[in-house]
Amino acid sequence: MREASAMRCGVIGGVALLMGTAAEARAEPVDMMLCLAADVSESVTAGEYQLQRQGHASAIEDPAVISLIEAGPLGRIAVIYVEWADQQQQFAGTDWQIVDGALSARETAATIRRAPAPPWIGMRVRNTSTSEVVRYCLGRFATAAATARRLVIDISSDGTSNVGARIDEVRDHAVAQGVVINALAIEDSLSPFADGTHTRPAGGLVRYFEANVVGGPGAFVQAAKGYESFGAMIRRKFILELARLE
């Protein structure tokens, strides 16, 4: 009985090892895995929501961005687009997309534009848990069919993290795993909270993100003056991130 049990354990362990090896073999090496995390919490209006989607899609298919991707060591990156709000509200309308040139960039942009809206987008109360979307992106890195030395979480948000775990502690955990977190602070929200502290914290959003959210080698914060300038700033942000590929 013990021998049979040991044999079964050995077979199961061998299968698991083979499955793990096969999964690693299927993983496509890329220069960077980029998790785009767009804040769609309560302070984001319907118009601002569309500007974020369009801004991310347009930036990916921008010729300057495509040129930098093609100039990387492997000439390709993996991208996933996530919309998020509170602790239970993270939604990826697409899976990981490989971008390796103009055609795949246009296809990825189109995928983002036509992705379904999160099922909870109409809920009146949608708080902001930046810490939970960082955890979510870490999980997506772990299960992706791609592999890269550079893992980047690209957060765009118009407010502070106001529910869930402390963002600075989760940030430190992610950085310890080799992840870089960059941020785009969207200032002058059209729908600020009544007391102003969420979207307009003391010292400003940029300082808040610098102190609490971004981390890792070369991490940075960009500022957009309202959602109307979002597209241009996310394009600039992509260029800064891709320029760091080696």
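This is a predicted model: local features need pLDDT of at least 70, side-chain atom pairs count only at pLDDT 80 or more; totals for chains, interfaces and linings use all residues.
I went for the largest nonpolar core to begin with: 34 residues, with M33, F141 and I153 having the most contacts inside it. Helix 5 gives the most, with five residues.

Next I looked up F141. Which residues is F141 in contact with, leaving aside neighbours within four places in sequence? I found M33, C35, W96, L151, V152, I153 and V179. There is another core apart from the one above, and I noted 28 residues for it, A38, I60, V99 and A105 among them.

C35 had turned up in the F141 list, and I checked it for a partner. C35 and C137 form a disulfide, with 2.4 Å between their sulfur atoms. C35 sits in strand 2 (residues 32-39) and C137 in helix 5 (residues 130-143), so the pair ties together parts 102 residues apart in sequence. I searched the whole structure and came away with one disulfide. What is the hand of the disulfide between C35 and C137? The torsion about the S-S bond is about -60 degrees, so I wrote down left-handed. As for burial, C35 has a relative accessible area of 0%, and C137 also comes out at 0%; I have C35 down as buried and C137 as buried.

**Aromatic rings**

I counted two aromatic pairs. One I looked at is Y208 with F209: the ring centres are 5.7 Å apart and the planes at 70 degrees, so I call the pair edge-to-face. Y208 is buried at a relative accessible area of 15%, and F209 is buried at 0%.

**Strand 8**

How many of the nine residues of strand 8 are buried? I got nine of nine, so the strand is largely enclosed by the rest of the structure. I checked both faces: V179, I181, A183, A185 and E187 are buried on one side, and V180, N182, L184 and I186 are buried on the other.

Then I went through the strand partners. Strand 7 runs parallel to strand 8, joined by seven bridges, and I found D154 opposite N182. I followed the chain from strand 7 through helix 6 to strand 8, and this β-α-β crossover is right-handed. Strand 9 (residues 221-225) also pairs with strand 8 in the parallel sense, over five bridges. Here I noted V221 of strand 9 as the bridge partner of A183.

Terms used. Residues are numbered from 1 along each chain as its sequence is written. Side-chain values use heavy atoms; hydrogens and water are left out. A disulfide is a pair of cysteine sulfur atoms within 2.5 Å. Helices (H or I, at least four residues) and strands (E, at least two) are DSSP runs, numbered from the N terminus. Buried means under 20% relative accessible area, exposed over 50%, partly exposed in between (1.4 Å probe, protein chains only). A nonpolar core is a set of buried Ala, Val, Leu, Ile, Met, Phe, Trp, Tyr and Cys residues joined through side-chain atoms within 4.5 Å. Contact means heavy atoms within 4.5 Å. Rings of Phe, Tyr and Trp (its six-membered ring) pair if their centres lie within 6.5 Å; planes under 30 degrees apart count as stacked, over 60 as edge-to-face and the rest as tilted. Two strands pair if DSSP finds at least two bridges between them. A crossover is right-handed if, with the strands pointing away from the viewer, the path from the first strand over the helix to the second runs clockwise.
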